[in-house]
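The following note is intended for a colleague meeting this structure for the first time. Please read the numbered points with the sequence and the model at hand.

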Amino acid sequence: MSGLDRMFIRTPEQEARFSLIGELADSFAEGAHAADIDNGFAYAHIDALRKAGYHTYTVPAEWGGLDISLYEFVLLQERLAQGDASIALAMGWHLGVLFDLNEKRPWKQDVFADLCRDVVKRGALVNRAATEAASGSPARGGKPRTTAERLPGGGYRLNGRKTFTTLSPVLDYFIVTAVLDNTEAEFLVPRETAGLSIDPTWQMVGMRGTASHDLVLDGAIVPQEALVYSAEKAYHQAPNPYLLHIPACYLGIALAARKEALKFARSYQPNSLPHPILYAPNVGQQLGQIDLELSAARHYLYAVAARWDELRGRPEAASLVSELAAVKVFAIRTALSVVDKAMRIVGAHSLALSNPLQRHYRDVRFGLHNPPMEDMVIAQLGKRAVQEAEQAD
């Protein structure tokens, strides 16, 4: 484990959990490669994370979880992504949903408590199913076309199709958004619900191991209590600090690419040089630039996460909304640049299907399409600057 990995650990408790997740991450590298090649899913990695209790880390302590801080969530996600970015991103959604529900408490307490207890006792996994092909991203205001129909005897009938349902092979619960009486509602739907199925549509060039297939609801009947939330404005469109798991994942990919570049540079010595290319001036320049960029992005990420934890639950936390979004954009730009530089160091060898760098290159580009979107963030930052100028004396 390098010094870059450890530099943001703050407490002995973080150290212990970081070491545990780090050992798992390192053991996941081979399985991540196999899942990518086969367009499959690393079930064994999920089983290992469940055995380690990682799926409970953002569950409130009152219901058996660790209730870790946003800072530690970011720390562990970045480390996990170095071994298997697809599983890290996928588990990040499960952990993030629980973090968000704990933060905002939009559901009835007994419903959320029962879900949390199931996560702890049975190892249940949950994710939102919100995106649809016809409506686009909810982050851009896309409204669901999935419908919920009230039944005369109580309960609801759900019809629709959701895309990008990450973790679909192993999810126990789907949080489904649907239109009910012209209002956006949210239903907690168990996997065993009749009329619910998974259509294996995930055929992408990157993040293949997330198994983000389509969720199909064909007349799925759910009981009255499955309706967990209904309002004019969806609560999950409010500030979402848990989304920092996304830049953490992609910076993890960048760190993994850096390790591959160092490994190659240390061992590769063409016959035109008296030493490995690690000592070539141009390679040193590339490595220096990689470390400079990673340092800036990671310090930004961890500083914002720490500041949110400090202000959590206070009105002042609203001042961080723009920064939470800006971190993601800066981190993705950095990760793209770092992976590119790592591949330049390794050269054509990095394009071999057996080389992890070609997977990192494909995976890291998915960060451009995870929320929040870059153009919206830049517009938000520009608006903030204009408002500052307008308010100046």
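Is Asn127 buried or exposed? Asn127 is buried, with a relative accessible area of 3%; buried means under 20% relative accessible area, exposed means over 50%, and partly exposed lies in between (1.4 Å probe, protein chains only).

1. Basis of the note. This is a predicted model, in which local features need pLDDT of at least 70 and side-chain atom pairs count only at pLDDT 80 or more, while totals for chains, interfaces and linings use all residues. Residues are numbered from 1 along each chain as its sequence is written, and side-chain values use heavy atoms, with hydrogens and water left out.

2. Overall form. The chain has 11 helices and 8 strands; helices (H or I, at least four residues) and strands (E, at least two) are DSSP runs numbered from the N terminus. Along the principal axes, the C-alpha atoms fill a box of roughly 80 × 60 × 40 Å.

3. Of the 393 residues in the chain, 54% are buried. Among contacts with a separation of 6 or more, 74% join residues 24 or more positions apart; contact means heavy atoms within 4.5 Å.

4. Surface and charge. The chain exposes about 17,000 Å², and carbon and sulfur atoms supply 53% of it. Accessible areas come from the Shrake-Rupley method with a 1.4 Å probe, and for residues only the protein chains shown count as cover. The mean positions of the 40 positive and 45 negative charges are 2 Å apart. Lys and Arg count as positive and Asp and Glu as negative, whereas His and the chain ends are not counted; each charge is placed at NZ of Lys, CZ of Arg, CG of Asp or CD of Glu.

5. The surroundings of Asn127. Asn127 belongs to strand S1 (residues 126-129). Leaving aside neighbours within four places in sequence, Asn127 is in contact with Trp93, Val97, Thr166, Leu171, Tyr173, Phe174 and Ile175. The C-alpha atoms of Asn127 and Trp107, 20 residues apart along the chain, are separated by 15 Å.

6. Helix H8 (residues 281-311) has 31 residues and reaches 45 Å from its first C-alpha to its last, close to the expected 45 Å. The expected span of a helix is 1.5 Å times one less than its number of residues. After H8 comes Gly313, with a positive phi near 85°. Helix H7 (residues 245-267) reaches 33 Å over 23 residues, close to the 33 Å expected. In H7, 17 of the 23 residues are buried, so this helix is largely enclosed by the rest of the structure.

7. Helices H5 and H6. The end C-alpha atoms of helix H6 (residues 109-122) are 19 Å apart, which agrees with the 20 Å that its 14 residues should span. Phe112, Ala113, Leu115, Cys116, Asp118 and Val119 are buried in H6, and the buried residues of H6 pack against H5 and strand S4 (173-180). Gly123 follows H6 and has a positive phi near 80°. In helix H5 (residues 85-104) lies Ser86, which is buried at a relative accessible area of 6%. Not counting residues up to four places away in sequence, Ser86 touches Met207, Arg208, Gly209 and Thr210.

8. The loop at Pro169. Pro169 sits in the loop between strand S3 (156-165) and S4, and is partly exposed at 22% relative accessible area. Beyond residues up to four places away in sequence, Pro169 touches Phe41, Tyr43, Arg191 and Ala211.

9. Backbone points to inspect. Asp67 has a positive phi of about 50° although it is not a glycine; Asp67 lies in the loop between helix H3 (43-52) and helix H4 (70-81). Phe164, in strand S3, has a positive phi near 55° and is likewise a residue other than glycine. The peptide bond from Pro371 to Pro372 is cis, with omega near -10°. Pro372 is in the loop between helix H10 (356-364) and helix H11 (374-391).
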